[in-house]
Amino acid sequence: MSSLLIHSPILIIAIPLLAAFLTPFISRVSDRARDALVIATLVFVEFLVIILAVDIYRDGPHIYALGASSPLLAMPEHYMVPVRIVLQVDAMSIFMGMISATVSLAAAIYSVSFMRNETGKDKFYTLLLLLTVGMMGLEFTGDMFNLFIFLEILSISGAALAAFRTNFADALEGGFKYMCISAVAALMILFAVGIFYAQYNLLNIAALGQAIQYTMLDKIALTLLMMAFFMKLAGVPLHMWAPDTYSVAPAGITPMIYVASQACMYALFRVCFSLYGVTLNTLTIGWIVIVIGVLSMFVGVTMAVRQSDIKRLMAYHAVSQSGYMLLGVGVGLAVLGNPQALAAYGKQAMEGGIFHIINNAMYKGLLFLTAEALFYSLGTRDLNKMGGIAANMRYTSIFFMIGALAISGIPPFNGFASKLLIYESVYQFNPMLSVIAMMISIITLASFVKVFQSAFTGPILPHFRVVKEVPGPMLGGMGILTAIIIFFSLFPGLIVDQLIHPAVEALISRGAYINAIMGGMQ
Amino acid sequence: MSKIVRSTSEFLIPFIFIFGLYMIMHGHLTPGGGFQGGAVFASGMALLLVAFGSHKLEKKSKAHVLSMLESTGALAFIGLAFGGIAVGFFYNFLVGSSIFGHIPPSGPNRGDMWTGGTIPLMNMAVGLKVIAGLSLIVLVMALASDKTGSQK
């Protein structure tokens, strides 16, 4: 058990990778065996993530040096800097890892019946597992170059999956946009990594964090990295790919691509807090993050209100919700250099932002899945053509209602808990921002009332009278996410104390992150 | 293609293949390695395709076989990485053993093929993956352009 725990950071990445390349072989034998393999792999990954999380929350961060004579040996003998590929998993990384693992599992279960009648499923599951590998790697990696590698894995598999249903005309467009934006972002990151390597001869994030001077070149690198990550997380004004890609991706994949964007948001926070930390001008950079956050919130929600395609509507809401996370963590970043303000409201704002990440991954994932369940049963995504299906699709409408109430921040759901944390703390930083955030929450509710009213309520349309509830595995995938939402709604205090607070501490305490690698042999 | 192109390719292709394989085999000693060697090998496949047309090549190399070979390469690579898991992932467990196990001499020397442990084997695995993958890409693109051409 203890050796499984030591090796778990790499196993979480390596086992889905192994399974990804096994699926084409298993597919030749039987489809059923392949589905079982994919689900079993993701269940095992979830198990490893949970035991690793328990250990990290109890005993502190894990490191894993690949190819070393002991995985805990970050630096080889007689070396002053880490030269190996190092994974560094702290409370923040494993927190993101839990989100990715859970959503991937729910997505895979959902896909089993959703993809039943599609062809090329061996490739679909290979790509799905590779997308999981990309997210996990991005969240666990301890060096900049591997951050780039895993971002590429995530982007390529994400783009291929978004364009998977080539029988729809717009699928290729969505995939192509995602590919373009990812390629540009990846090149910018590679360039920034080159700048770091040329200056410091280092790639390891912790070692770079110790050496970084915040020279002119570092500022250029920071700009490149921030722009690349804003592109990948769909922050306004770089959000133009999100509605196209999210709306065409097969169900199950949409939540995964969304969580992949959140993994890129994690990378942004990691770069800002652990790599640069207080060396950068925190107030300016913090305000940049806040402004992009507020813009995303506002533009996302106003664009969402006028959509009639249910998935495009939800995609714009996804952009808008990302704004809340950027707002919360941006306020934390802005006051990072000011210990009093950080203790007074900065940490609370970050807790709100980070709690919103997991809440949003769950209810946004659920809403995407319900939207695609409607599409699966009705054959249309146009809200104007739907009506009164609550009677025939009871479970889906309950799931939708829970997701919609949670995203609009209605008490007692979990969206309310994280938004309240953000409102309260941001109010102390700048009251105007808090007012905007509240107003946007109201527009979100209005938009979802419209969806619920036009799709679910009223008399059933005659041609939908034969519509049936979606099959069991699809309900199962949605059920997993709903159960988590309800759990979070019932015990928000527990979640914030046990999960969110350590993650925020891990993100803020840059010294501890650097020390885990540079602080000598363990 | 014309007879000149075909006979020149016939003459060149074996050398391109051998050079590609050489780069894969010597990846741990000289510049190059699995990816570069595989790309060189696949460029030979591209030449074959240009010179002789896609239909002949399609008969010889089935797309699903290439796809399987690609997965095999990837699996072999990950398998080798898992081989060292008793110590650590990617641990070079073959150093000192009877397979590629020599410890390389220090200082200027001619290079010993039988060194590197798992690295030459990983190069071969990557080489196999790249050969299969790039050949598949070239083949699929040729077939796709053939089909659009015949529709015109």
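Okay, let's start with a kink: helix α1 of chain A bends by about 65 degrees at A:S8, and a proline, A:P9, follows within four residues. The bend at a residue here is the angle between two axes, one fitted to the seven residues ending there and one to the seven starting there. When I say helix, I mean a DSSP run of H or I with at least four residues, numbered from the N terminus.

Before going on, some housekeeping. This is a predicted model, where local features need pLDDT of at least 70 and side-chain atom pairs count only at pLDDT 80 or more, while totals for chains, interfaces and linings use all residues. Residues are numbered from 1 along each chain as its sequence is written, and chains are lettered from A and ligands numbered from 1 in the order in which they are written.

Back to α1(A). With 28 residues, a straight helix would reach 40 Å at 1.5 Å a residue, but the end C-alpha atoms of α1(A) are only 35 Å apart. That expected span is 1.5 Å times one less than the number of residues.

So where does chain A touch chain B? Here 16 residues of chain A are in contact with 15 residues of chain B, contact meaning that the C-beta atoms, placed from the backbone, lie within 7 Å. Helix α1 (residues 2-29) gives the most to chain A's side, with nine residues. By class, that side has 12 nonpolar, four polar and no charged residues. For the classes, Ala, Val, Leu, Ile, Met, Phe, Trp, Tyr, Cys and Pro are nonpolar, Asp, Glu, Lys and Arg are charged, and the others, Gly among them, are polar.

Now some helix pairs, all in chain A. How do α6 and α8 pack? Helix α6 (residues 169-200) and helix α8 (residues 216-233) meet at an angle of about 155 degrees, with their axes 8 Å apart. Axes are lines fitted to C-alpha atoms, for helices over the stretch in contact, and angles run from 0 to 180 degrees between N-to-C directions. That makes α6(A) roughly antiparallel to α8(A). The scale is: under 35 degrees is roughly parallel, over 145 roughly antiparallel, 65 to 115 roughly perpendicular, and the rest oblique. Their contact has 17 nonpolar, two polar and one charged residues.

Next pair: the axes of helix α15 (residues 414-429) and helix α16 (residues 431-455) come within 6 Å and cross at roughly 155 degrees. That makes α15(A) roughly antiparallel to α16(A). Their contact has nine nonpolar, two polar and one charged residues.

And then there's helix α13 (residues 339-378) with helix α18 (residues 492-508), at about 110 degrees with axes 9 Å apart. That makes α13(A) roughly perpendicular to α18(A). The residues in this contact divide into seven nonpolar, one polar and two charged. On the α13(A) side you'll find A:K347 and A:F355, among others, and on the α18(A) side the residues include A:H501 and A:V504.

Most residues other than glycine have a negative phi, and most peptide bonds are trans. But the bond from A:V236 to A:P237 is cis, with omega near 10 degrees, and A:P237 sits in the loop between α8 and α9 (241-248). The bond from A:P411 to A:P412 is cis too, with omega near 10 degrees; look for A:P412 in the loop between α14 (394-407) and α15. Finally, A:N201 has a positive phi, near 55 degrees, and lies in the loop between α6 and α7 (205-211).

Key:
Two residues are in contact if their C-beta atoms, placed from the backbone, lie within 7 Å. Helices (H or I, at least four residues) and strands (E, at least two) are DSSP runs, numbered from the N terminus.
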